[in-house]
Structures are given as structure tokens and as C-alpha cells.
Amino acid sequence: MSNSISRIFDLAYHQLENYPQEKCFNYKENNTWKSINSKDFIDSSNKVSCSLLELGVQPNDKIAVISSNNNPNWHILDIGVLQIGAQNVPLYATLAAKDYAYILNHSDSKYCFVSDKELYQKVKSIQSQTKLLGVFFLEENTTDYSWNSFLEIGSKADNASQIIDLKSKVKPEDLATIIYTSGTTGTPKGVMLSHNNIVFTVFRTAKRLNLTGNQNRIISYLPICHIFERTASYYNIYMGFEIYFAESIEKIGDNIREVKPNYLAVVPRLLEKIFDKIVDKGSMLTGLKKRLFFWALQLGEQYEAYEKNGKFYHFKLNIARKIIFSKWQDALGGCLKFMVSGSAPLQPRLIRVFTAAGIDIFEGYGMTESSPGGTLNDLRNNGLKIGTVGKPLENIEVKIADDGEILMKGENVMMGYYKNKELTDKTIINGYLHTGDIGNIDKDGFLTITDRKKEIFKTSGGKYIAPAALESDLKQSRFIEQIMVIGEGEKMPAALIQPNFEFLKDWAKIKSYDIIDFATDQRVIDRIQKEVKFYNKNFGKWEQIKKFEITPNEWSVESGHLTPTMKMKRKVIKEKYKDLYEKIYNS
């Protein structure tokens with residue numbers, strides 16, 4: 001680690017001094033890409049600091065920020081907050097007003113910044129329940145609480161020497177941010193991360209990723225309040241890469257083709273959607289083209305790293321890359337060197353297929369409480385093993401407890417939970433973070449995640465079920481978009497299934513058949529039953545799904561089924577479809 005970089009804001013100053021970029025941040029405005037250079041980034045951050053100081057913000061004050069899209073002002077605000085010793089409290093834009101009231105109050109946030117009018121109104125509606133002194137926009141407009149109005153507050157103040165003094169007093173071990181978990185299991189917990197927690201992770205990740213120089217472009221599109229995207233952004237700033245902010249998740253495909261990124265950070269659900277779209281297009285082909293597409297796909301599913309398949313396999317793979325997989329690369333911009341996947345388990349089949357296509361996927365493991373450092377695959381030095389989440393990053397220790405739980409120790413481990421010493425003491429014992437995940441480490445040091453400790457359940461017959469393994473296999477079916485295995489305390493495991501509506505429509509069209517109601521259509525039910533029966537063969541009889549019900553609508557972030565990083569909210573889904581649950585077990 002560079003001696004000159006020990007606090008988060010040092011990463012931005014490092015870029016300015018070593019890799020000053022004309023296109024540090026890039027964003028779309030009126031269908032045109034506009035840029036902010038490294039100097040403007042720092043200058044604007046200093047203006048933020050000036051305005052905050054004029055508002056009376058002091059070291060250790062909390063500043064909340066809620067944004068529905070990633071944008072330069074989020075990062076400008078972040079550096080401006082951190083360099084005066086205050087802390088950034090990021091929140092998801094999809095939370096309900098009551099959640100904002102709880103988090104803003106619990107975190108002692110003094111001011112809040114929001115990206116749009118809807119969020120502004122939502123926060124204002126609960127401001128009286130909090131300690132907030134004011135709410136500002138992250139965007140420019142004509143109000144007296146706009147971004148430009150906020151910057152104007154400190155425009156006439158001469159705080160330069162005070163900012164320098166405050167920066168010098170910020171220590172690596174000081175609190176930098178409080179990140180509230182998405183609350184899938186109850187009341188959100190405030191994870192306290194220090195400057196050192198995050199900077200340590202940035203440097204250890206940089207060592208594992210094989211990227212050199214500062215001539216790379218990346219796209220920022222995952223929620224910036226999530227630690228995975230946030231730490232990735234700090235890494236990109238440190239490396240001096242050009243960061244392009246996607247217009248929206250719906251336009252990510254178009255933005256990728258425009259920007260031509262050199263690498264992407266992805267979550268499994270997004271990668272699954274990309275893959276499904278590619279396969280759907282392949283299915284629309286006819287004759288020889290269609291046969292070649294699925295020949296290449298089948299070849300990709302057999303891929304093994306380090307040419308373990310033999311020379312003849314790679315002879316065929318080279319042909320497949322020229323005639324089929326090159327089109328996949330073009331669809332992803334044509335410059336993509338690799339993708340890093342985190343946040344949730346990824347199907348090994350997807351890793352094989354994309355890597356065979358010439359787009360390496362490096363799956364890693366971490367969590368908010370680990371900043372989110374942990375493990376990561378790496379193609380160099382036999383550091384890649386498909387089906388695992390890689391080896392621990394340098395100076396991070398990972399071991400398995402007697403009950404199978406993954407324990408982690410290192411400078412990446414959080415300071416604790418804000419205002420919750422009891423839970424902190426239960427989670428960090430003798431310096432080891434108890435992750436709540438179950439896994440194993442093989443003889444070569446690779447970690448495999450098998451399930452969430454809290455998600456493993458026991459049927460009434462006393463048999464343990466690990467739902468993640470079943471769900472991962474069944475989601476390989478093109479008929480199944482999402483699946484949640486249920487059955488805790490019941491006589492058998494079952495499932496709630498959200499079908500792939502688009503694929504089913506195409507399937508029905510080919511068969512000259514109209515589907516009136518996906519959830520009750522007998523032909524749909526029979527076809528999905530065939531898929532369930534096929535994948536059940538991979539599991540013991542006690543694990544196999546005996547019954548299922550089809551949900552009538554799509555599971556989404558907006559409807560509350562999924563977290564902003566597209567992980568299932570199990571309790572919410574079970575409650576939403578309690579009638580289907582009752583139908584499975586009481587009919």
C-alpha cells in the first residue's frame with residue numbers, strides 16, 4: 001500500500017497527482033456524453049467541504065445521501081464529506097419512507113442529499129421524525145435547496161486552510177461511512193467501515209486484478225450505496241480509469257455498446273439476464289446458423305481453464321469464437337477483458353460459457369461487513385477454479401468453523417454495528433467475522449460457498465435443506481426466471497416459481513397456443529414440472545422439490561421481491577404469496 005494513501009479521499013488526490021484525467025467522470029445529458037476532469041472533481045469536492053463547514057458540519061457528523069442513479073455529484077459530495085472528518089451515510093432509493101425515518105434517525109444524520117424531486121418529497125415527509133437540519137438536491141435546479149444553491153453557501157468563505165487542517169486530522173482507523181444493510185431479515189443494521197477498511201480492500205483487490213495503466217473505461221451502474229459498487233468505484237478512481245455513469249439499468253446494454261468498457265463489475269442476476277437474451281436471439285436463428293449457435297453454446301458449457309480439455313477442444317473453441325462468440329463480444333462493446341461477479345452465487349455454467357467466449361468471469365466473495373473484501377478468482381498462477389469464489393485476498397484469513405460457517409479475519413473487517421455492541425460482539429469473535437455463510441476450502445485453498453447459514457432449514461422429518469443449491473440448478477432452465485425453495489418445518493421441500501414470461505410467450509407461439517393465465521395454465525404447469533423433474537435428479541430424494549406453485553407476476557426491486565442488488569427477500573416473497581404457500585401445504 002502506498003504510504004501516501006491511507007484515507008479514502010487520498011485516492012482522488014492520488015489520481016490528480018499521478019493520472020490526471022480529462023474524462024474522470026462521464027455522464028449523459030441530452031443524449032450527449034459530458035465529462036468532468038480530475039481537477040474539477042477535486043475543486044468541486046473542496047467547494048462541498050466549504051459549504052458543509054458554513055452549515056456548521058463538524059468532524060463525525062453524519063451526511064446522508066440517496067440517489068436513484070449514479071452520478072458525479074455523489075462522488076464529489078462523498079470526498080467533500082470525508083475530507084473534513086464527517087461520515088457518508090448512503091441509502092437505497094427504493095426504501096419506503098418509514099425506512100428512511102428509521103435510518104436517518106438512527107444514524108444521527110444532520111443533512112441529507114437526494115437525486116430527484118420524488119426522493120426529496122419522501123424525505124421531507126418524514127424529516128420531523130429525524131434530526132435533519134436540511135435536505136438538498138444532488139442536481140442543479142432553480143430551488144434554494146438545489147446543488148448549485150448548496151455550493152453557493154460556501155462560495156465566499158475562505159476555508160482552504162481549515163480543510164487542510166481537518167484533512168490532516170483524519171486517521172486511517174477513523175469511521176468513514178455507515179452502510180445500512182437492505183433489511184431482508186428485519187431491522188436494518190448500520191455497518192461501520194473505517195477509511196482503512198475500504199482502502200485496504202481497494203489495494204488488495206488491485207493486486208488480484210490484472211489491470212495495468214490508466215487507459216481503461218468502466219461503466220458504473222450498480223447502486224452506488226452498495227459496498228460492492230462503491231469500493232469498485234474507489235478502485236477505478238485510484239487506478240485513474242474513465243468512469244461512465246449508465247443512464248439507467250434499462251439502458252445498460254446501449255451504454256455498454258457506446259462506451260466499450262474494458263471490464264465490468266456484475267451481479268449474477270444481471271449476468272443471467274444478459275445470457276438469457278443472447279440465448280433467446282440464438283433461438284430465433286434458423287437452419288445451419290441455429291445449429292452452429294447451440295453447438296458453440298454446448299462447447300462453452302464444457303470449458304475448463306488452463307486448456308485442460310485438450311488441443312482438439314481448443315481447436316473447436318477457436319472456430320466457435322470466430323463465428324459465434326465474437327458476436328457476443330461485440331454486443332458487450334468489443335473491448336471487454338473480464339467481468340468481476342459478486343453479491344450472490346453465480347451459476348458455474350455461466351462462468352464456463354462466457355470465459356469460453358473470451359470474456360473471463362472472476363467470481364469473488366465478500367460482504368458489507370468485510371468492506372467487501374474476501375476472496376477472488378484470478379486467471380494468473382492457477383488462481384482460477386470454476387465453481388469456487390477463489391482464494392483469499394492477500395492478508396485476509398479465511399477459515400471454516402466446526403459447523404461449516406465461513407470466518408474471516410483481516411483489516412477489511414468492519415469496526416462493528418452502529419449503536420449495537422451486543423450484535424457486534426456476536427458477529428466478531430476473537431477478531432474473526434462470522435459471515436453467516438456456509439462453505440468449504442479445498443486442498444488448493446479455493447473457497448466454495450454452499451449456502452446461507454440462516455437460509456438452511458429443516459423439514460418436519462428432520463432433514464436439512466440447503467435452498468441455494470437447488471435454486472441455482474433450477475434457474476438454469478430457460479422456463480424459470482426466479483425460484484424460492486420453501487418448506488421449513490413442513491413435511492417436504494417445495495417451491496414458488498416465477499416463470500420466464502417472455503420465453504413462455506415465445507414457446508407458446510411456436511406451439512400455436514395462447515396462454516391466458518401463466519399461473520394456472522395446465523400446459524405451462526406440466527412443462528415446468530418437466531424441468532423440475534429433470535433438475536431434481538441432481539439431489540437426494542429428501543431434497544427434491546415435491547410441489548410448486550407459479551406466481552402470477554414478475555419479482556422485482558420495485559415491487560419489493562428483490563434487494564437493489566437483485567437478491568431475493570425471502571420473508572417478503574413468502575408473505576406476498578402466502579395463499580400459494582397455503583395451497584401447497586394445506587390442500
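I began with I483, whose bridge partner in strand 25 is I497. I am working from a predicted model, and I keep that in mind throughout. Next I looked up how the two strands run. Strand 24 and strand 25 (residues 494-499) pair in the antiparallel sense, and I find 6 bridges between them. Then I traced the sheet. It is open, has 3 strands in the order 24-25-26, and shows mixed pairing. Which strands stand at the edges? They are strand 24 (480-486) and strand 26 (547-550). Each has a single partner strand, so one side of each is left without a neighbour in the sheet. From one strand to the next the twist averages 25 degrees.

**Entry: salt bridges at E394**

I turned to charged pairs. The count comes to 34 salt bridges. I picked E394, which forms a salt bridge with R204. Their closest N and O atoms are 3.8 Å apart. The cut-off is 4 Å, so the pair qualifies. Where do the two residues lie? E394 is in the loop between strand 15 (391-392) and strand 16 (397-400), while R204 is in helix 8 (residues 195-208). The pair therefore ties together parts that are 190 residues apart in sequence.

E394 is partly exposed, at a relative accessible area of 37%. R204 is buried, at 13%.

E394 also meets the side chain of K207 in a salt bridge, 3.1 Å from N to O. K207 lies in helix 8 and E394 in the loop between strand 15 and strand 16, so this pair ties together parts 187 residues apart in sequence. K207 is exposed, with a relative accessible area of 53%.

I then looked at R257. It forms a salt bridge with D254, and the closest N and O atoms are 2.8 Å apart. Both residues lie in helix 10 (residues 252-259). They are 3 residues apart, about one turn of the helix. R257 is partly exposed, with a relative accessible area of 40%. D254 is partly exposed too, with 43%.

I also noted a network of salt bridges that links R269, E272, K273, K475 and E481.

**Entry: cysteines**

How many disulfides does a search of the whole structure find? The search finds 0. A disulfide is a covalent bond between the sulfur atoms of two cysteines. I wanted to know why C24 has none. Its closest cysteine sulfur is in C50, 20 Å away, and that is too far for a bond. C24 counts as buried, at 1% relative accessibility. C112 is buried, with a relative accessible area of 0%.

**Entry: a nonpolar patch**

I searched the surface for nonpolar side chains. F312, F315, I319 and I323 form a nonpolar patch there. Together they have about 400 Å² of accessible area. I followed up one of them, I319. It sits in helix 13 (residues 311-331). Is I319 buried or partly exposed? I319 is partly exposed, with a relative accessible area of 35%.

**Entry: backbone details**

I looked up two prolines. The peptide bond from S371 to P372 is cis, with omega near -15 degrees. P372 is placed in the loop between strand 13 (360-365) and strand 14 (375-376). P345 is in the loop between strand 12 (338-341) and helix 14 (348-356). P345 is exposed, with a relative accessible area of 57%. I also took a distance from P345 to I406, 61 residues apart along the chain. Their C-alpha atoms are separated by 15 Å.

Last, I looked up positive phi values. N30 has phi near 55 degrees, a positive value in a residue other than glycine. N30 is in the loop between strand 1 (25-29) and strand 2 (32-36). N30 is exposed, with a relative accessible area of 70%. Y306 is not a glycine either, yet its phi is positive, about 60 degrees. Y306 is in the loop between helix 12 (287-301) and helix 13. At 29% relative accessibility, I log Y306 as partly exposed.

Notes
Residues numbered from 1 in each chain as written. Predicted model: local features only at pLDDT ≥ 70, side-chain atom pairs only at ≥ 80, totals over all residues. Heavy atoms only, no water. Patch = residues over 30% accessible without salt bridge, like charges linked within 9 Å, V, L, I, M, F, W, Y side chains within 5 Å. Areas by Shrake-Rupley, 256 points an atom, 1.4 Å probe, with all protein chains shown as cover. Helix = DSSP H or I, 4+ residues; strand = E, 2+ residues; numbered from the N terminus. Buried < 20%, exposed > 50% of the residue type's maximum accessible area, 1.4 Å probe, protein only. Disulfide = S-S within 2.5 Å. Pairing = 2+ DSSP bridges. Axes fitted to C-alpha atoms, helices over the stretch in contact; angles between N-to-C directions.
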